[in-house]
Amino acid sequence: MSTTQEQSFPLYEEVVNEFGKLTAAGRTDKARQTAFERFRLLGFPSIKNEDWKYTNITRFLKDGYALESPVHSIPAGLLEKAAIPALDCYQLVLVNGVWDGKVKGGELPKGIEVFRVAEALKARSNAVLFEDKKWGNQHFANLNEALYTDGLFIGADGDCDKPLHIVHLFTADHNLLVQPRHVWVVNTNAGLSVIESTLSATGEAKIWVNSLTEIIVHKDARLDHTVIQTASPGARLVQHTTVRQKKQSLYNSYTFTLPGADLVRNDLQARLEEDHTETHLYGLYLAAGNQLVDNHTLVDHQKASCFSNELYKGVLLEQSTGVFNGKVYVHKDAQKTNAFQQNNNLVIGKRATIDSKPELEIYADDVKCSHGSTVGQFSEEALFYLRARGIGEATAKALLINAFAFDVTEKLKLGAVESYINQSIRHHIPAEHA
Amino acid sequence: MLIIKNLHAEVEDKQILKGIDLTVNPGEVHAIMGPNGSGKSSLASVLAGRESFHVTEGEVTFRGNDLLEMDPEVRAREGLFLAFQYPIEIPGVSNVNFLKTALAEIRAYRNLPPLDAKEFLRLSREKQKLVEFDAQLVNRSLNEGFSGGEKKRNEIFQLAMLEPSLAILDETDSGLDIDALRIVAAGVNKLRSKDNAFIIITHYQRLLEYIVPDFVHVLYNGRIVKSGTRELALELEEKGYDWLREESREQEATTQGAVGA
């Protein structure tokens, strides 16, 4: 027997009404209906759900959010803030999940196709694009599936000569829920580098971004995926990314979360659907203020001879809260799996906390898997050494934080992005934070 | 330059310095010798401002100011330098970036503009040559994977870059082979001038064959029990430290006798 979750959050009522309107207008299909039923069964997550045990979002859900979004202009200065100096790229800007159709930095090379998901929905059958309908117990992914209206489709049939810099700007003058839906397909032998920057400016208003990205990396294809989250207070980001990897494909993910947004919850799932794939997941979260930053990752080894390596590092300042949950699932057929995971945390704020949880489930018997998790503080010896050379305490701490982050930042292949990230880290550690 | 008066200090409630008096003038090189556990490195730590050491009595004046009131970074900016006995490895902080940052903060404190990239590079090259420090090491992470000798030479390279008025070398000779010792000593000798001073803490006389001190002090049980010239170091080399223990026991007996009477 299944029971629908009746939840008292105003947002819950909003989405139920919205779906009712869509249904009445005949604008839902089987996939949306299934997803919405699923969402109604699950409701919004609470700490009673294992996947949300350390991430209490009740206080954010208590705010009401409208679903109707009028067209917004870009707030002054926001786009400039997104620029990565000295990065040669194609830039695409999305405002509240809607792309204006422009590409800065030249014409996209042949074989690289970009269009709005809203256009795709009109032009083709939904089913062709969005083949994966199984969002299981993912509360927010099901909600997105039921109600999304737009996002960005990227298709790569060959190598792209420059990275794509996708700038997600979020803005609102009243509390708002936006649900972008993106689909990226990197076809056989193709190679692509995508950098996503997320920024927001909402004044007193709150914005809830429930974003869902589905990525397919086909046989022998390569995708470098960098995510830079620098949204501002008032933003609540829930970002679900599912990556499906085919034979001998390579997926590199670099996720950077910097102080700003009230809530960041990243669900990154790499599903290794065929053999001999390679996956690297790197993450760095620097949290401050009252921020709640949660990274949930899943590496799903379904087939044999795949390699995955994961390194997430966290720096918790002030009274911020961090959560890391790294699940590695090795199926019975996934022999010769190599799966490594590491999570290191530097807890600096006296009232900062981190919950770190590695989760390994292994059903194959010929595998090499390891995981490790550490929580530490500044090395007093290192701090004294730097100060004894004339370096002030705040600068010394900033240097040590940069050094701690180095293992992750050095993995970035683009020098311009690496300097930009290092700069951003330094910028976010003023004396009073340290 | 440096005046230490009746300095007492403790670490973890254990008294380790029990009344040190020492005056160092510009242009002088002082050697501090003594057996293990006598308080040599503790003195260096107290002067550099290591927080685990607590001064319980006495005073230290550095270039006319109260040294003990200053944070470690202020002491460095005022011109005090400690070459560490065990230099710390800091992966992820490059040697160059570290030195640039240190130099910039020291110069800012002295109201000097920061060096531009070209000036810094020139200075760095000049000092590398002076102390025979491998250029490749300069670009690596701070002391990471350096051999013991390379770490010590890096300390001397930093000393050359930061040009302090008073440098304290804490057992810089320990763990060095004879060639490295010569290079380190030659570097120090080149940096000696009438305006700066050195305190060289060492267990052995060996280093003092290369860096000739003006004064030699023997530290024992938290006190300077004997001061002299270079000859004292040679005498220690010959006689060892055992005679100190006896002399000190006698002295203590006398003191206690006096108190008892």
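View 1. Ile32(B) has His217(B) as its bridge partner in E11(B). A word on what you're looking at: this is a predicted model, where local features need pLDDT of at least 70, side-chain atom pairs count only at pLDDT 80 or more, and totals for chains, interfaces and linings use all residues. Residues are numbered from 1 along each chain as its sequence is written, chains are lettered from A and ligands numbered from 1 in the order in which they are written, and side-chain values use heavy atoms, with hydrogens and water left out.

Strands here (E, at least two residues) and helices (H or I, at least four) are DSSP runs, numbered from the N terminus. Two strands pair if DSSP finds at least two bridges between them. Look also for Met33(B), which sits opposite Val218(B) in E11(B). E3(B) has another parallel partner, strand E10 (residues 197-201) of chain B, again over 4 bridges. There, His30(B) faces Ile199(B).

How much of E3(B) is buried? The strand is mostly covered, with 5 of its 5 residues buried, where buried means under 20% relative accessible area, exposed over 50%, and partly exposed in between (1.4 Å probe, protein chains only). Both faces are covered: Val29(B), Ala31(B) and Met33(B) are buried on one side, and His30(B) and Ile32(B) on the other.

View 2. Why is E11(B), residues 215-220, described as largely enclosed by the rest of the structure? Because 5 of its 6 residues are buried. Strand E12 (residues 223-228) of chain B pairs with E11(B) in the antiparallel sense, over 5 bridges. One place to look is Tyr220(B), whose bridge partner in E12(B) is Arg223(B). The hairpin has 2 residues between the strands, and Asn221(B) takes a positive phi near 55° in it.

**View 3. An open antiparallel sheet in chain B.** Which order do the 4 strands take? Read them as E2-E1-E4-E5, an open sheet with antiparallel pairing. Strand E2 (14-24) and strand E5 (65-66) are the edges, each pairing on one side only. Strand E1 (residues 2-11) and strand E4 (residues 53-62) of chain B are joined by 8 antiparallel bridges. Within that pairing, Glu10(B) stands opposite His54(B) in E4(B).

**View 4. Where chain A meets chain B.** Here 17 residues of chain A are in contact with 30 residues of chain B, contact meaning heavy atoms within 4.5 Å. About 2,000 Å² is buried between the chains, with carbon and sulfur atoms giving 63% of that. Buried area is the accessible area (1.4 Å probe) that two parts lose on being put together, summed over both. Keep an eye on Phe384(A), Tyr385(A) and Arg389(A): these supply 39% of the area that chain A buries against chain B, more than any other three residues.

How many salt bridges cross this interface? The rule finds 5, each a side-chain nitrogen of Lys or Arg within 4 Å of a carboxyl oxygen of Asp or Glu. One of them links Glu73(B) to Arg387(A), with the closest N and O atoms 2.7 Å apart. On the side of chain A that touches chain B, helix H8 (380-387) and helix H9 (393-409) each supply at least two residues.

**View 5. Strand E16(A) between two parallel neighbours.** Strand E16 (residues 307-316) of chain A is mostly covered, with 8 of its 10 residues buried. Strand E14 (residues 278-287) of chain A runs parallel to E16(A) and is joined to it by 10 bridges. In that pairing, Leu281(A) stands opposite Glu310(A). Strand E18 (residues 338-347) of chain A is also parallel to E16(A), with 10 bridges between them. Find Gly314(A) and you'll see its E18(A) bridge partner, Asn345(A).

View 6. Thr257(A) belongs to strand E12 (residues 250-257) of chain A. Is this residue buried or exposed? Thr257(A) counts as buried, because its relative accessibility is 1%. Leaving aside neighbours within four places in sequence, Thr257(A) is in contact with several residues, including Val264(A), Asn266(A), Leu284(A) and Val293(A).
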